[in-house]
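Me: Got a model open here and I'd like a quick walk through it. Can we start with the pockets?

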Amino acid sequence: MRAITITEYGDTDVLRPAEVTVPEPGPGQVRVAVKAAGVNPIDWKIRSGAMAEVRPVEFPHILGLEFAGVVDAVGEGAGFAVGDEVFGWSDTGTYAEYALASKVTRKPAGLSWSEAAGLPIAGETALRVLGELEVKPGETVVIHGASGQVGRIATQAAVALGATVVGLAGASALDEVKELGAVPVQYGDGWVSRVRSVAPDGVDAVFDAAGFGVLGDSVELLGSPDRLITIADPSAYAQGVKFSAGGEESAAVLEDLVSRGLKLKPGTAYALADVAEAHRESATGHAGGKLTLTLS
């Protein structure tokens with residue numbers, strides 16, 4: 001099968017096309033003909049070697065964690081049938097024509113392949129952090145990066161919980177944030193005073209999904225770091241702020257996302273052969289939406 005592999009850590013030139021053996025599903029696994037694969041920052045961090053100490057890989061390695069596609073073969077006890085349209089997390093890497101997976105759920109007909117492929121990581125992260133913050137109906141939550149991949153889902157989910165969301169975003173994205181059900185506020189100098197003007201009774205929790213050096217001011221806004229969590233600012237440890245770095249990948253999370261009808265904003269859908277360009281765009285931190293790879 002066609003795949004993109006790396007045989008060493010490095011820049012985008014280590015991403016090379018290869019022909020590899022089609023994997024066979026084991027108990028509880030399905031083999032999926034991949035239609036779309038999500039592109040995430042962790043992919044290029046692994047590729048570059050930045051994650052080598054905490055997440056080493058064996059070479060040759062197929063990158064990619066999330067996918068959407070059609071079940072092609074079924075292992076014992078997997079609970080799916082050939083032809084089922086599914087999405088989820090891969091056990092073997094998704095920059096390939098076929099992938100094995102044990103954490104999957106059925107893809108809703110209303111979701112495109114690219115939309116479904118982009119949901120697992122951002123969705124799990126958003127729901128996990130809202131749970132860790134213990135967001136309740138009637139509370140006011142500030143979300144930094146409300147127009148980003150994780151921020152969009154967190155905003156939709158918090159609004160659905162009955163919370164008031166103050167969504168921080170750039171000027172060009174404020175209308176999008178408002179459409180998600182949040183009170184939009186522009187980030188940058190003076191953001192604390194702008195939040196206070198739209199939330200005069202104070203805020204209950206802050207979710208930093210952006211990492212733009214907002215932790216100190218967020219503590220001031222809250223009065224303590226107790227209900228402040230970041231997924232994007234490693235200075236959290238030095239500031240006594242919780243950094244949420246990972247949770248449990250499970251089909252239940254995917255089913256929860258589907259039941260809530262949560263969606264990401266689609267970004268560029270690259271061909272598999274253009275994976276290097278997808279990595280370069282992801283590394284800018286300014287992708288206009290969820291980046292994916294498409295496979296025919």
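Me: How much space lies in the largest pocket?
Reply: About 1,700 Å³. A pocket here is an open set of points on a 1 Å grid over the protein atoms alone, where a 1.4 Å probe fits, with protein on both sides within 12 Å along at least five of seven lines. The volume is the space filled by probe spheres set on the points, which are joined across faces, edges and corners.

Me: What should I know about the model itself?
Reply: This is a predicted model, where local features need pLDDT of at least 70 and side-chain atom pairs count only at pLDDT 80 or more, while totals for chains, interfaces and linings use all residues. Numbering runs from 1 along each chain as its sequence is written, and side-chain values use heavy atoms, without hydrogens and water.

Me: Which residues lie nearest the centre of the largest pocket?
Reply: Pro 41, Gln 149, Val 150, Ala 209 and Ile 231, out of 50 lining residues. Lining means an atom within 4 Å of a point. Elements giving two or more residues include helix H1 (41–48), helix H4 (149–161) and strand E10 (164–169). Helices (H or I, at least four residues) and strands (E, at least two) are DSSP runs, numbered from the N terminus.

Me: Which element gives the largest share?
Reply: H3, with 5 residues.

Me: And the second largest pocket, what volume?
Reply: About 190 Å³. It has 16 lining residues, with Arg 55, His 61, Gly 64, Leu 65 and Ser 90 nearest the centre. H1 and strand E4 (61–62) each give two or more.

Me: Switching topic. What does E4 pair with?
Reply: E1, antiparallel, over 2 bridges. Pairing takes at least two DSSP bridges between the strands. Thr 5 has Ile 62 as its bridge partner in E4. Thr 5 also stands opposite Arg 16 in E2. E1 and strand E2 (residues 16–19) run antiparallel, joined by 4 bridges.

Me: Why is E1 largely enclosed?
Reply: Because 4 of its 5 residues (2–6) are buried, meaning under 20% relative accessible area with a 1.4 Å probe, protein chains only.

Me: Last one. Where is Lys 263?
Reply: In the loop between helix H9 (251–260) and strand E15 (266–271). Lys 263 is partly exposed at 39% relative accessible area; that class runs between buried and exposed, the latter being over 50%.

Me: What does Lys 263 touch?
Reply: Leu 111, Arg 152, Ile 153 and Gln 156, leaving out residues up to four places away in sequence. Contact is heavy atoms within 4.5 Å. Glu 115 is 148 residues from Lys 263 in sequence, yet 7.3 Å away in space, C-alpha to C-alpha.
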